[in-house]
Amino acid sequence: MAITKQHLIPLFAISFLLFFQHHCSTTSAQAPAQSPAPPGPPDVTKILQKAGQYSVFVRLLKSTQVSDRLIGELKDTDDGKTIFAPTDKAFSALKSGALNSLNDEQRVELVLFHVIPSYIPLSQFQTVSNPMRTQAGDSGDGEFPLNVTTSGNTVVLKTGLTKTSVSDTIYTDGQLAVYRVDQVLQPLQVFAARSSALAPAPGMSRKAADVDGKSKASSLAMQNLALFVVSVIAFALSL
């Protein structure tokens, strides 16, 4: 049987397809398999947004840029982080205007006071040494002390101005732990200093100050009256 031109065209096409399929399968087998990219560090703001009722704390994390700082530190260190997240209700319980009256530096200190520079599982708080070191600064008296006590599964936090307990675990993965607290942890360095600046002088109440002012005014009037009487007598004797 003679092979015509009409037979050669489909044979050539089939041969080409078989060669192309073999070449592709060989190349795929030789190419090294790519492992998936490692996951990035957890984003605290996304965790809290998903949990709900933490909008004020999320706003503070973003406005102070502490959220970006936490992502970078979680990426570069194996120590992990522990965060105490106050609820929106906790912020609403602060004195009126307390949060808005803070300057930028004090806002950063307030947020960092809720961050511990290591991962602490709930069961390990009983082993923590007091005062705990936060990322706000020195834990000495009058600055940023944060003390913890435990009783069974209850973890109590004390700042010198605030006493509250860990009421729930929002997130934990072995590197980051985020716990709910129902009061804002108020550092002495920020809130005690503001209270002292706004308070009246020791031993001088407003009522006492008013009495003291009236007494001085009365004394001055008596002096003026005495001078007037002396002047009148002197004028009478000169006549």
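In the predicted model, helix 4 spans residues 66-76, and its buried residues are V66, S67, L70 and L74. Viewed down the axis of helix 4, these buried residues fall within an arc of 100 degrees, so they line one face of the helix. An α-helix has 3.6 residues a turn, so residues three or four places apart point the same way. The exposed residues D68, K75 and D76 are carried on the face of helix 4 turned away from its buried side. The cover over the buried residues of helix 4 includes three other helices, namely helix 2 (44-51), helix 3 (55-63) and helix 6 (104-112). Strand 1 (81-86), strand 2 (115-116) and strand 6 (176-181) are also among the elements that cover them.

Strand 1 contains K81. With a relative accessibility of 5%, K81 counts as buried, because the cut-off for a buried residue is under 20%. The side chain of K81 makes a polar contact with the side chain of Q135, at 2.4 Å. When neighbours within four places in sequence are left aside, the contacts of K81 include L70, E73 and L74. L70 and L74 are both among the buried residues of helix 4. Further contacts of K81 include V115, I116, P117, S118 and Y119, as well as Q175, L176 and A177.

The aromatic residues were examined next. A search of the whole structure finds five aromatic pairs. F57 and F91 form a stacked pair, with 6.5 Å from centre to centre and 25 degrees between the planes. This pair links distant parts of the chain, as F57 belongs to helix 3 and F91 to helix 5 (residues 88-92), 34 residues apart. F57 is buried, with a relative accessible area of 1%, and F91 also counts as buried, at 9% relative accessibility. The ring centres of F113 and F144 lie 6.2 Å apart with the planes at 50 degrees, so this pair is tilted. F113 is located in the loop between helix 6 and strand 2, and F144 in the loop between strand 2 and strand 3 (147-151), so the pair ties together parts that are 31 residues apart in sequence. Both F113 and F144 are buried. One aromatic cluster is formed by F84, F125 and Y179.

In soluble globular proteins, nonpolar side chains tend to be buried together. Not counting residues up to four places away in sequence, M132 touches F84 and L157, and its contacts also include I116, I120, F125 and S139. F144, L146 and V148 are likewise among the residues that M132 touches.

For the protein as a whole, eight helices and six strands are found. From the N terminus on, the elements run α-α-α-α-β-α-α-β-β-β-β-β-α-α. Of the 239 residues in the protein, 30% are buried. Among contacts with a separation of 6 or more, 63% are between residues 24 or more positions apart. The accessible surface comes to about 15800 Å², and 57% of this surface belongs to carbon and sulfur atoms.

Conventions: Residues numbered from 1 in each chain as written. Predicted model: local features only at pLDDT ≥ 70, side-chain atom pairs only at ≥ 80, totals over all residues. Heavy atoms only, no water. Buried < 20%, exposed > 50% of the residue type's maximum accessible area, 1.4 Å probe, protein only. Helix = DSSP H or I, 4+ residues; strand = E, 2+ residues; numbered from the N terminus. Arc of directions from axis to C-beta. Contact = heavy atoms within 4.5 Å. Phe/Tyr/Trp six-rings, centres within 6.5 Å; stacked < 30°, edge-to-face > 60°. Polar contact = N/O pair within 3.5 Å; in protein donor to acceptor, adjacent residues only side chain to side chain. Areas by Shrake-Rupley, 256 points an atom, 1.4 Å probe, with all protein chains shown as cover.
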